Amino acid sequence: MSSSQLIDDHVSVQQCKRAVDALISHAAKFEEKKAETQLLAGKEQNVWLVVNTKLMHPEKKIKPARIPVKYPIVDPRTSPVCLIVKDPQREYKDLIAEKGIKFISRVVDIKHLKGKWKPFEARRMLLKENGMFLADERVVPLLPALLGKKFFEAKKQPIPVCMTRKDLKSELERAISSTYFHQNQGTCTSIKIGSVSQKPSQVLENLQTALPEVVKHIKGGWDNIQSFFIKTNSSAALPIWQCDLSAEAGGRWEGLVAGASEDEDAEMGDEEASASEGENKSAAGAKSKGKKRAAEEPEVEREQPKKKAKAAAESSAPAKAKAKASETTPAAPASAPAAEPAKKRRKSNRLYHVRRRKTLGGYCTRR
């Protein structure tokens with residue numbers, strides 16, 4: 001395939017055209033069936049470019065990357081544009097009127113976001129009424145807490161613009177006529193490149209213009225990209241490019257399979273080294289222990305006869321003392337030791353009953 005039929009020398013233009021035509025025709029049929037059962041028109045479907053990377057991005061960027069497209073996705077004539085600025089808003093309203101900017105429908109400052117637009121219902125109404133939000137780049141860090149998560153779930157994050165530029169009109173026009181790449185910390189990101197209401201040729205030209213710029217903003221470039229897909233809000237994703245599933249240059253497992261085998265070899269080498277060290281230590285210990293035992297054995301043999309003679313003398317001494325004591329003292333009667341405990345038991349029982357009678361006031365009879 002010639003380079004003229006490839007986007008950025010990688011993606012086939014013919015494959016992109018087939019995917020865009022199939023996606024737009026499917027979306028049109030879906031909207032026709034939906035219109036038969038629903039009285040009110042639903043939200044307009046957009047066309048998204050889905051990027052899958054091999055490795056995750058190390059950091060999350062708050063400011064999105066601006067991606068130029070040939071045909072603007074948001075038309076200010078049909079979709080109102082809201083501008084969020086610093087306090088006071090009257091100053092910026094006068095500035096917009098002075099520059100002759102007529103595509104900005106509403107200007108809101110931070111003071112009114114904290115007051116008039118603070119209630120939940122008011123913020124949802126602001127989100128529904130406007131198709132796109134622009135914001136002074138100096139107040140962008142404050143907006144996530146003021147707007148809430150619904151703006152980010154609806155993919156209507158405020159786009160940063162520089163309000164101190166001399167040519168303010170061209171700055172706002174570039175912001176509206178571009179799409180944006182919101183970098184996250186995962187491996188999958190979606191970029192809006194068109195809408196279902198546009199012609200397939202317009203969506204294809206937007207794809208050809210946006211795809212090389214998206215690759216420039218991905219860390220690692222084409223070496224870190226796994227696949228590209230296109231889809232609508234509710235359709236399946238159609239593939240337009242995928243990397244090779246191999247360990248060769250540019251493949252999915254490049255640098256991972258070889259690295260794993262090297263790590264395994266290193267671990268095996270470490271285990272063998274530790275095993276050999278353990279064997280050497282055990283052998284050295286056995287040798288040293290044998291030498292020590294050989295040195296101590298003569299002393300043990302010399303001490304054993306003395307210990308045996310001493311133990312025999314100590315065991316014979318108590319036997320002799322018991323024999324002498326039995327010869328001098330007369331034998332006691334056999335019945336005396338058995339009679340004494342019986343007397344003690346009877347006496348103790350008698351004392352127990354006497355004490356119990358005294359405590360109970362004589363109600364207990366004597367046995």
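Predicted model: local features only at pLDDT ≥ 70, side-chain atom pairs only at ≥ 80, totals over all residues.

Q: How are the rings of Phe133 and Phe151 arranged?
A: They are edge-to-face, because their planes are at 65° and planes over 60 degrees apart fall in that class. The ring centres are 5.2 Å apart.

Q: Where do Phe133 and Phe151 sit in the chain?
A: Phe133 is in strand β7 (residues 132-136) and Phe151 is in helix α6 (residues 149-153). They are 18 residues apart, and the pair links distant parts of the chain.

Q: Phe133 and Phe151, buried or exposed?
A: Phe133 is buried, and Phe151 is buried too.

Q: Switching to the tryptophans. Why is the pair of Trp222 and Trp241 put in its class?
A: The planes of Trp222 and Trp241 are at 75°, so this pair is edge-to-face, with centres 5.0 Å apart.

Q: And which parts does that pair tie together?
A: Trp222 lies in the loop between α8 (200-216) and β11 (225-231), while Trp241 is in strand β12 (residues 238-242). The pair therefore ties together parts 19 residues apart in sequence.

Q: Are those two buried or exposed?
A: Trp222 has 15% relative accessibility, so it counts as buried. Trp241 also counts as buried, at 16%.

Q: Which residues form a cluster with Trp222?
A: Phe228 and Trp241 form one aromatic cluster with Trp222.

Q: Last one: what sits over the ring of Phe120?
A: The charged end of Arg124 does, 3.9 Å from the ring centre.

Methods. Residues numbered from 1 in each chain as written. Heavy atoms only, no water. Phe/Tyr/Trp six-rings, centres within 6.5 Å; stacked < 30°, edge-to-face > 60°. Helix = DSSP H or I, 4+ residues; strand = E, 2+ residues; numbered from the N terminus. Buried < 20%, exposed > 50% of the residue type's maximum accessible area, 1.4 Å probe, protein only. Lys NZ or Arg CZ within 6 Å of the ring centre and 35° of its normal.
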